Amino acid sequence: MPINLDRRILDELIANDIEFVTTVPCKQLAGVILEIENEDRILHVPSNREDEGMGLCVGAYMGGKKSCIIMQNTAIGVTINALSTLIQFYQFPLPMLISFRGEVGEAIACQVEMAIHTKPLLAEMNIPTYHFHNPSDVEEFGDILKYTQMSKKPVAILTDSNFWRGGG
Amino acid sequence: MNRSEVLKAIVPIISDELVICNVGLPSQELFLFDDQPSNFYMLGAMGLCSSIGLGLALSQYSKVIAIEGDGSILTNLGALPTIANNVANNFVLFIIDNSSYGSTGDQPTYTGKKTSLTGVAAACGCECVVECQAEDAPDALRAAMESDRMTVIVCKCQPGNIPVSVIELSPVTIRDRFVSEVERRAVKQKRVQKLTKLS
Ligand SMILES: [Mg+2]
């Protein structure tokens, strides 16, 4: 039986006490965003831009709720300052579940332009980065959430088209 | 009155509250006038003060005041629809609108021309938006705190700065002492809830 990735990600968020999630949508993330919206144990606050979302996450964290941002890789550019001068400077843990658009299987050429810069930007920012390519990679999600809290860093989990299509 | 005079005037009201303070001179001035563990000073990330304030207000019960500037809210106007649509009645967004980028040398912002932040906040769906002049800031803020309604205050004042020094606290110290303060309040509230239940 194929893994229900949306459900599995939600279960791991709950198991790891993530109580606040902000999202900026992506087609690939639609299912998981819906799961989060319908889940009473998580406060879901959609944001209009990803750096705004990082501000929300910091506030929630200081209020006692572990937080997570769900976003597209195309937005990494607008978050560089927030990542550097807020998340990293003050040492806030921030798991970033990122739809990795522009990889093999992509239909829109423009998405490739940011895909090319995604890993170099994250590397330049010294952000621990994990790439989920096969559905079974989701097995590590819970441990990555724990690692994020332990290290008090922003941590990127890139999830590509092959991962969301079930590896088929 | 300029921003520093507005800040000085509201210190007695905010001193014992959780405050998220805008980057640059506003934080440096607040640090100078009334440093408290309950103040979270922004050292960077211009524009995210309102968003941090909302996230904090939505996640615990104590009152939260975010002290914003016109320049900084203009860089993150997207925060206002999020605030309007995720109502936290323990949240006051206090925008000090001096129609200028004070920290960079008082270059004019658009709020001194055609743009009204009061109008923007209302159009974004914020239900309780109050515009006041600098002299009336303490009254407006006190009323907002007592109303238990999420309120956006746009306080119009003059540009101009006073000499201040940079904040020497490390960011992790600012974070840690602020979080301890949030936790202390949460414990206190739980104790009060328990006592109220018992009586
Ligand atoms: Mg200003």
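Mentor: Start with B:Glu181, which is buried at a relative accessible area of 10%. Keep in mind that this is a predicted model.

Trainee: Which network of salt bridges is B:Glu181 in?
Mentor: Salt bridges with shared partners join B:Glu181 to B:Asp16, B:Arg184 and B:Arg185 in one network. In one of its links, the side chains of B:Arg184 and B:Glu181 meet with N to O at 2.7 Å.

Trainee: Where do B:Arg184 and B:Glu181 lie?
Mentor: Both are in helix 8 of chain B, 3 residues apart, which is about one turn of the helix. B:Arg184 is partly exposed, at 43% relative accessibility.

Trainee: What does B:Asp35 form a salt bridge with?
Mentor: Its partner is B:Arg177, and the closest N and O atoms are 2.5 Å apart. B:Asp35 sits in the loop between helix 2 (25–34) and strand 2 of chain B, while B:Arg177 belongs to helix 8, so the pair ties together parts 142 residues apart in sequence. B:Asp35 counts as partly exposed at 31% relative accessibility.

Trainee: How many salt bridges over all chains?
Mentor: The count comes to 16. Among them is the one between the side chains of A:Arg8 and A:Glu139, at 3.4 Å, N to O. That pair links distant parts of the chain, 131 residues apart: A:Arg8 is in helix 1 (residues 5–15) of chain A, and A:Glu139 is in the loop between strand 5 and helix 6 (141–151). Both count as partly exposed, A:Arg8 at 21% and A:Glu139 at 48%.

Trainee: And how many salt bridges across the interface of chain B and chain A?
Mentor: The rule finds 0 there. There are 8 residue pairs in polar contact between the two chains, counting pairs with both residues at pLDDT 80 or more.

Trainee: What is the area buried between chain B and chain A?
Mentor: About 2100 Å², with carbon and sulfur atoms giving 68% of it. B:Leu48, B:Ser59 and B:Arg175 supply 25% of what chain B buries against chain A, more than any other three residues. The contact takes 30 residues from chain B and 26 residues from chain A.

Trainee: What is the side of chain B that touches chain A by class?
Mentor: It has 20 nonpolar, 9 polar and 1 charged residues. Strand 2 (39–41), helix 3 (49–59), helix 5 (79–85) and helix 8 (171–198) of chain B each supply at least two residues of that side.

Trainee: Switching to chain A. Is A:Thr159 buried or exposed?
Mentor: A:Thr159 is buried, at 0% relative accessible area, and is placed in strand 6 (residues 154–159) of chain A. Its side chain makes a polar contact of 2.9 Å with the side chain of A:Trp164. Beyond four places in sequence, A:Thr159 is in contact with residues including A:Gln28, A:Leu97 and A:Phe132.

Trainee: What does the model score?
Mentor: ipTM is 0.97 and pTM is 0.97. For chain B the mean pLDDT is 96, with 100% of its residues at 70 or more.

Terms used:
Residues are numbered from 1 along each chain as its sequence is written. Chains are lettered from A and ligands numbered from 1 in the order in which they are written. Side-chain values use heavy atoms; hydrogens and water are left out. Contact means heavy atoms within 4.5 Å. Buried area is the accessible area (1.4 Å probe) that two parts lose on being put together, summed over both. A salt bridge is a side-chain nitrogen of Lys or Arg within 4 Å of a carboxyl oxygen of Asp or Glu. A polar contact is a pair of N or O atoms within 3.5 Å; within protein, one must be able to donate a hydrogen and the other to accept it, and residues adjacent in sequence count only if both atoms are side-chain atoms. Helices (H or I, at least four residues) and strands (E, at least two) are DSSP runs, numbered from the N terminus. Ala, Val, Leu, Ile, Met, Phe, Trp, Tyr, Cys and Pro count as nonpolar, Asp, Glu, Lys and Arg as charged, and the others, Gly among them, as polar. pLDDT is the predictor's confidence in each residue, from 0 to 100. Buried means under 20% relative accessible area, exposed over 50%, partly exposed in between (1.4 Å probe, protein chains only).
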